[in-house]
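Let's take a walk through this one together. Have a look at the fold below, and then we'll go through a few of its parts.

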Amino acid sequence: MKKTYDDRLWYRQEAYAWNEALPLGNGRLGAMVYGGARLERLSLNEDSLWSGAPGVYERDEAPKYWAEARELTAQGKYAQAQEMLETYCTGLWSQLYLALGEADIAFSHAGEISGYSRELDMSRGIHTVRYTAEGVRFTRESFVSFPDQVIVYRVTADKPGKITADISLRNALDAVCRTRGDYIEFEGNCPCVKWTKGEGQGNGGRREYSSAPDAQGMRFYCRLGVKRRGGRMEAAGAGLRVINADELTLVIGARTSYNGWDKHPVTQGAACVAPCVKEVEKVLATEYEELKRRHEDDFSSLYGRCALDLGEGSLTREPTDERLYGHENGVKDNSIYALYFNFGRYLTISGSRPGTQPMNLQGIWNSSILPPWNCNYTININTEMNYWPTLAVNLAECLEPMVRLNKEVCESGKRTAKLYYGLEGSCAHHNTDAWRLTTPVGASCRGCAGFAAWPMGGAWLMRALWEKYEYTEDLDYLRDEAYPVILENARFLNGLAAQDEAGKWIISPATSPENAFRLDGKALAVARWTTMSQEIAWDVFSIFLKASQLLGKDEDLAREIRPKLEDLRLPGTGGFGELLEWNENFEEWDVHHRHMSHMYGLHPGRRITPEKTPRLAEACRVSLERRGDESTGWAMGWRINMWARLRDGNRALKLLDNQLMTADARNPEVSYASGTRSGGTYLNLFDAHPPFQIDGNFGALAGICEMLVDTDDDGRVIPLPALPDSWRKGAVNGLRVRGGRTVDIEWDMGNGISLTVHEKDGSVSVTRRDF
């Protein structure tokens, strides 16, 4: 079933903007490769390169003001409650994920460049550039090796002595580049970014550098080594010049002093120079073909687990940008969906590996030291979305950073639960970062309550841990890794829940990230309770009770939570038949808002289904219709999943088509908020919020998986639950489903469906049925 055109991005021209370059990564190191014939550029990242250090922002008497805001919402005084929360119950912004720098290779090509192409072979994780200059055919290969933890870039020519290039490194921060023999290097410290009350996140904070170790930010070190065959090499300013070589190999390594979320990066930091030097030296002493083999074996062993075939189209074998343009102009090319499916899997393998940081808003790829939204972890949807498809596409190892994030946020969140709510257990809010921030952000800015006054971030993150158990049924994992986090989130929400006048349990006050309602001409976000917070509480309580029973643990807490779950206030419908978003039937400030927070119970939760709760499923359908089909890139990705859960494959495909509309890579500052247009896809297949956010890639990938297979509450596999009419024939192999099973599905609308289920005990069952 393997087809190379579904595994390859390729172009007839070099990248002129970062959002046209192609990504390489090993989870820790990232590179965006431009592929310029005369000037090659690699934009570099290291996943632990963050500003700042561990810390916590305390607010005196925050629990008192939270309780007062609860009483105000009970009296319908929503504006006063919001002002109180923003003034007394918000903290400062997160730290920033920072760009490492760039490597430039300037080739001395005179005359015309011909026969140019660049491509990314996703099945092997290798980027290749080919072109002819002055009668010489040049080939460049690059990859980021997980086994060897370096970036490798190789140049060859079909005639000897034809490679001449100037090589340089540029650091994005305050480090000075220098040459040492056959190497270029830089090292330095990140700033500590300080925020003040009332300062907006977009201001970037105040960057402080200090000579005192306990006030310094992260140390970092980058080393570029050069290996050549033939020719000669000399220093050229802060760089190196290679003259008349036959072959050229560059090896780039980088390390930081990050030593854990709760360790100061300088006074308690890890060594960064010596490990990096050792890695680069080892690789330079290894033959290129051996490095490439180790990388390919590692990468393909993950990528090859899953495959999707939807047939060919008239543009299937054309360059990727031409396929995108053709698709948005109505040219039939079903294989572009398989290409996009594979690109999402490729990004997971490249961006998230055991031991690395979890993927942030941009995965691991970022070119800025002042990135949008600090390039942090936004945990009211975006970080969770990054890992929605990981288990389904058979990449459980790549979930490890998300599992570890949960454990670390849970530990940090115990302090926040005490400081801000006076409660046991653990909670987190809207953002976190490398230091596992769990306090609310917002800096007391007016209007921040819509995202800041929301202590449900840790509870939503926790769902990923439970899903891993559902997919693996590994009781040791549940007991040792997932359950401690489930327990602490359940303890917090058990303490936070309050009873209303009817005796129903509510999380109050509450918001519906990041929407607002209209009241007395004002946009307000704080309500007495919201559907999203109630659905997350239902999820956490339900998961805790299941896990507690499976493990025979914490029965006393289970006895407290069980009646609260039974009497939890759950949503009804509004005046249009839509799912109610707040405790009153308020008018939405923005009916087309990007967030669909109130439909959490439909997706990613599983309380609402067309089969079990048809009335609520219909209310979700009405809400989706009202929200509309055009939005930011990631928001369209979420909508794909929701329409698939409603078993409407044609509508899910419409959203996928919207997401595949091209965005302008050369004007990345054109944003959704400007009202110029909705999100879409850049020519390198990165998701456009805009600007670039990687979550949309994973949301769409998860949505395709939802269209292809599901399981019901009894564990039965449901093949093709939301198949679009235009996907008349196809096959998917290697998808994982709950219960530790793998499925293969082949279908032809003229003949029927074949479902093969590989059970975790090794047995295989095959069923066939007509459409």
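α15 covers residues 633-645 and reaches 19 Å from its first C-alpha to its last, close to the expected 18 Å (1.5 Å times one less than its number of residues). After α15 comes R647, with a positive phi near 65°.

A quick word on the source: this is a predicted model, where local features need pLDDT of at least 70, side-chain atom pairs count only at pLDDT 80 or more, and totals for chains, interfaces and linings use all residues. Residues are numbered from 1 along each chain as its sequence is written, and side-chain values use heavy atoms, leaving out hydrogens and water.

Now for the core. Nonpolar side chains tend to be buried together in soluble globular proteins. A nonpolar core means buried Ala, Val, Leu, Ile, Met, Phe, Trp, Tyr and Cys residues joined through side-chain atoms within 4.5 Å. The largest has 227 residues, and F544 is among those with the most contacts inside it. Helix α11 (residues 475-496) gives the most to this core, with eleven residues. A second, separate core of 14 residues includes Y183 and C272.

Finally, an open sheet of seven strands runs β2-β3-β4-β5-β10-β17-β16, with antiparallel pairing (pairing takes at least two DSSP bridges). Its edge strands are β2 and β16.

How values were computed
Helix = DSSP H or I, 4+ residues; strand = E, 2+ residues; numbered from the N terminus. Buried < 20%, exposed > 50% of the residue type's maximum accessible area, 1.4 Å probe, protein only.
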